[in-house]
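Dear colleague,

I am passing on the structure below, and my notes on it follow directly after. Please read them with the coordinates open beside you.

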Amino acid sequence: MIAQTSDPNPIVQLLPLLLLVAVFYFLLIRPQQRRMRQQRSLIASLDVGDEVLTIGGMFGTITGVDDEAFDVEISPGTRVRLLKSAVARRVVDEPVTPDEEASEES
């Protein structure tokens, strides 16, 4: 007697591959696209006078804006020219309340 073998459904064979692609999309690709979108909007919103932190760890104040670069003053009288992509984030100075000043002095 000859045993009959049934051909497996092609969708069942592709299901693990499709699940793997979906996992990569939601865990790797989508968050990276969100970070890139946030970085582009940050760079577009920066203007002269904003204090920034570079990807190299230097703090500075933007003194000039060009199509592809910023002029950043990193100390009084010291200016450097940085690519816009070299800015990691905007530095936001938190206002200090009188209560916080008293606790810092103690």
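Phe-26 is a residue of helix H1, which covers residues 10–45. The model is a predicted one, and in it Phe-26 has a relative accessibility of 51%, so it counts as exposed, the cut-off for that class being over 50%. Phe-26 also belongs to a nonpolar patch on the surface, made up of Leu-14, Leu-17, Leu-18, Leu-20, Val-21, Val-23, Phe-24, Tyr-25, Phe-26, Leu-27, Leu-28 and Ile-29, which together have about 1200 Å² of accessible area.

As for the strands, there is an open sheet of five, in the order E4-E3-E2-E1-E5 and with antiparallel pairing. Its edge strands are E4 and E5, each of which pairs on one side only, and neighbouring strands of the sheet are turned by 45 degrees against each other on average, if direction is ignored. Helix H1 lies across E3 and E5, and runs at about 70 degrees to E5.

Two of the pairings can be described in more detail. Strands E2 and E3 run antiparallel and are joined by four bridges; Val-65 stands opposite Phe-70, a residue of E3. Strands E3 and E4 also pair in the antiparallel sense, over six bridges, and here Glu-73 has Arg-79 in E4 as its bridge partner. E3 and E4 form a hairpin with two residues between them, and Gly-77, which sits in the turn, has a positive phi of about 85 degrees.

Turning to charged side chains, how many salt bridges does a search of the whole structure find? The search finds three, and I take them one by one.

In one of them, the side chains of Arg-90 and Asp-50 meet with an N to O distance of 3.6 Å. This pair links distant parts of the chain, 40 residues apart, since Arg-90 lies in strand E5 (residues 87–90), whereas Asp-50 lies in the loop between H1 and strand E1 (51–54). Arg-90 has a relative accessibility of 30% and therefore counts as partly exposed.

Another salt bridge is formed by Arg-81 and Asp-66, whose closest N and O atoms are 2.5 Å apart. Here too the pair links distant parts of the chain, in this case 15 residues apart: Arg-81 is in strand E4 (residues 78–83), and Asp-66 is in the loop between strand E2 (59–65) and strand E3 (69–75). Both residues are partly exposed, Arg-81 at 48% relative accessibility and Asp-66 with a relative accessible area of 33%.

Arg-81 takes part in a further salt bridge, with Asp-71, and in this pair the closest N and O atoms are 3.2 Å apart. Because Asp-71 lies in strand E3 and Arg-81 in strand E4, the pair ties together parts that are 10 residues apart in sequence. Asp-71, at 27% relative accessibility, counts as partly exposed.

Notes: Residues are numbered from 1 along each chain as its sequence is written. This is a predicted model: local features need pLDDT of at least 70, side-chain atom pairs count only at pLDDT 80 or more; totals for chains, interfaces and linings use all residues. Side-chain values use heavy atoms; hydrogens and water are left out. Patches are made of residues with over 30% relative accessible area and no salt bridge: like charges are joined within 9 Å, nonpolar side chains (Val, Leu, Ile, Met, Phe, Trp, Tyr) within 5 Å. Accessible areas come from the Shrake-Rupley method with a 1.4 Å probe; for residues, only the protein chains shown count as cover. A salt bridge is a side-chain nitrogen of Lys or Arg within 4 Å of a carboxyl oxygen of Asp or Glu. Buried means under 20% relative accessible area, exposed over 50%, partly exposed in between (1.4 Å probe, protein chains only). Two strands pair if DSSP finds at least two bridges between them. Axes are lines fitted to C-alpha atoms, for helices over the stretch in contact, and angles run from 0 to 180 degrees between N-to-C directions. Contact means heavy atoms within 4.5 Å.
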